[in-house]
Amino acid sequence: MTAQQIIFIVVAAFTLVSALRVATARNIVHAAFWLVAALFGVAAVYALLNANFIAVVQVVVYIGAIAILFIFAVMLTRRDMRDASPQLNRNWPLGAIVAALTAAGLIALLRGWDGFTRSAADLPADFGATSVNLLGEALVSPEAYVLPFEVASVLLLAALVGAVFVAFNKKLGGGK
Amino acid sequence: MNFWNDPLKVAADWLEGIFTGWGMDAVAAHVLTVFLGVFLMIVILMVVDVFLVWIERKVVARFQDRLGPNRVGPFGLFHPFADIVKLIIKEDTTPGDADKPVYNIAPILSMMSVLILWAVVPLAPVMLGTDLNVGVLFIIAAGAIGALSIIMAGWGSNNKFALIGGFRQVAVMISFEIPMLTMLMIPVVFAQSMNMNAIIQGQSVWYVVLSPLGALIFLTAAIAELGRAPFDLAEGESELVSGYNIEYSGMKFGMFYAGELLHAFTFGGFWAILFFGGYRFFGLEQVSPIFAVLILLVKALVGYWVIMWVKYTMMRIRIDQMLSFNWKFLTPLAFALLLVTALMNALLSSAPVWLYALGMFLANIVTAWVALEIARSATKQERERAEGPQKTAEARH
Amino acid sequence: MNEWIYVALFIIVGLIIPIGAILAGFIFGPKKPNPVKQSTYECGIEPVGEAWMQFKAQYYIFVLVFLVFDVEAVFLFPWAVKLGHLGLYAVIEGIIFVAILVVGLVYTWRKGMLEWA
């Protein structure tokens, strides 16, 4: 096993354990902090793949904005952070069956896939240094992704207007 | 390659030679050497941090017409060491109702988020640290972890003041992150790279000449990110009694305090790197890396001094003023400046350097003037609306 | 070798040093807890209730607006890197991109969501 594989296994285990704790932590704010740990683990996986830009963006957007949003939402809305109600309701056997079926389906699908044994082509040696330039060129060149780039802006606008609309209605509704 | 030209490489080769001489694997020896180098770097940073305490106390004393620390050692230089001893032998109280794991992790993360910033700082042409091609965004990523540590400290303490302070500090940090991100793009446009070293190499003309307004907005956003006056409403001694670190004592408080000072110094350094040429100073950096490091240190200290100057001159603003200043003035201005810079960059791409610099400089001045005129007329209207019924301001008093 | 090894080492050492400092304080400091000392600090008054209570929802609005502009800025970074090599059309694309989002900012402003009320 190479050093990279060992690092990957450690990072992946950390991510999975954190993700599990998100679901099982009784304290909802602790769950939010575990989510941050899981997102950080994903960023580390991107870094292992030489995807520098995506790794940093993962931390900037997911930890710096989305996790903070979650934490604020949890802290601002719940009066009692330590939920006393049980974490499972009586539908859990049904949920377990659906999860098991999904897993079985995924395994059946992936059995015929040769991606596990085939090794990917080597990245060019200067990939780390040039990947952002390639991305920048792809985002604005008319032959590539200029339309998705502009549509992303419209999508963000829709998200902002939607969020403001919902919050505005709450404000009128007599909330804080 | 001798010691004078590349001291770090000589030392690293020597150490690696010793490790491999002990029968160690070449890769392991390299990693161990790098580990020791990083350790040494962080230890040096902590020592610098100790002297920053002295500098901060001495400078604030001068601003307030006092002497500052002057008893222990020459010029009171050994005062911070007495502080450290005091912090270590102080009782480390934990509030009984605190959320212990969160409470204990927060100061460690706070210090770590500042220390990792130095991973991307190019100290000299041959001492690059990590030559990441996304170095500029790395600053913001580390800031995200810093914001997280503050919300953890505020929540973990189970104290109302701490939680309010934490919320306010995070609100300030995230709000001013938008102008900061936008201003980080201006050196990126000039240097055509997000790599810190490429940005320094691109500064034959310091970027502060090309974009004085950008440097000013970056400094404002950096001060807000640091939570220093006039944006220290999270600390608010008179209302929040210290904010998010209110329940911390002993070395845990020391970590927040040291982290804050080092953070300010680090952002002085980033200001120097992004807009004032980093380690470059009229070719002196080519003579020896030792000079380059000293130049960067001096520039970072000057930046730190400016941050202190602002801190001890301005008064604290309220949270509504802070948020409307950011969202209604600074953010639109930052985006306008970025687009103006991009447009001028495209129009002047084939112009000679002096014309390019002149055009950029004038574009910045015009942008700043237009923004100030718009702000002036808007505030005038606001004032007239508010004071309309009473006719004049004097009528109220 | 991957540059992230250096960053990982910085993170590891950056964790070791503060942990060491706090441990030193733990070892050398006295430990004499008592209920009064450990009570929550509220300017000398007996603390009333828990701190973990509902706060102003306004903070949430600002984080929402921040999130949108954060993602926008991240999209613009690759554009800014490549700007020098591309012509005027790339600049115009960037202007359209930002202009669409400025509409959102103006909408938020008009709805009074940027007021601290």
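Chain A and chain B bury about 1900 Å² between them, and carbon and sulfur atoms account for 84% of that area. Keep in mind that this is a predicted model.

Who takes part in this contact? On one side there are 24 residues from chain A, and on the other 21 residues from chain B. If you go looking for salt bridges between chain A and chain B, the count is zero. Helix 2 (28-48), helix 3 (52-77) and helix 5 (127-140) of chain A each bring at least two residues to the side that touches chain B. Helix 3 of chain A has the largest share, with 13 residues. Sorted by class, that side of chain A holds 18 nonpolar residues, six polar ones and no charged ones.

Now for chain C and chain B. Here 65 residues of chain C are in contact with 77 residues of chain B. The rule finds one residue pair in polar contact across this interface (both at pLDDT 80 or more). Four helices of chain C each supply at least two residues to the side facing chain B: helix 1 (4-28), helix 2 (35-38), helix 3 (58-82) and helix 4 (88-110). Helix 1 of chain C gives the most, 18 residues. By class, this side of chain C has 47 nonpolar, nine polar and nine charged residues. Even so, the salt-bridge count between chain C and chain B is zero.

Here are the buried areas together:

| Pair | Buried area | Carbon and sulfur part |
|---|---|---|
| Chain A and chain B | about 1900 Å² | 84% of the area |
| Chain C and chain B | about 6800 Å² | 81% of the area |

Terms used:
Residues numbered from 1 in each chain as written. Chains lettered and ligands numbered in written order. Predicted model: local features only at pLDDT ≥ 70, side-chain atom pairs only at ≥ 80, totals over all residues. Heavy atoms only, no water. Contact = heavy atoms within 4.5 Å. Buried area = accessible area lost by both parts, 1.4 Å probe. Salt bridge = Lys/Arg side-chain N within 4 Å of Asp/Glu carboxyl O. Polar contact = N/O pair within 3.5 Å; in protein donor to acceptor, adjacent residues only side chain to side chain. Nonpolar A, V, L, I, M, F, W, Y, C, P; charged D, E, K, R; others polar.
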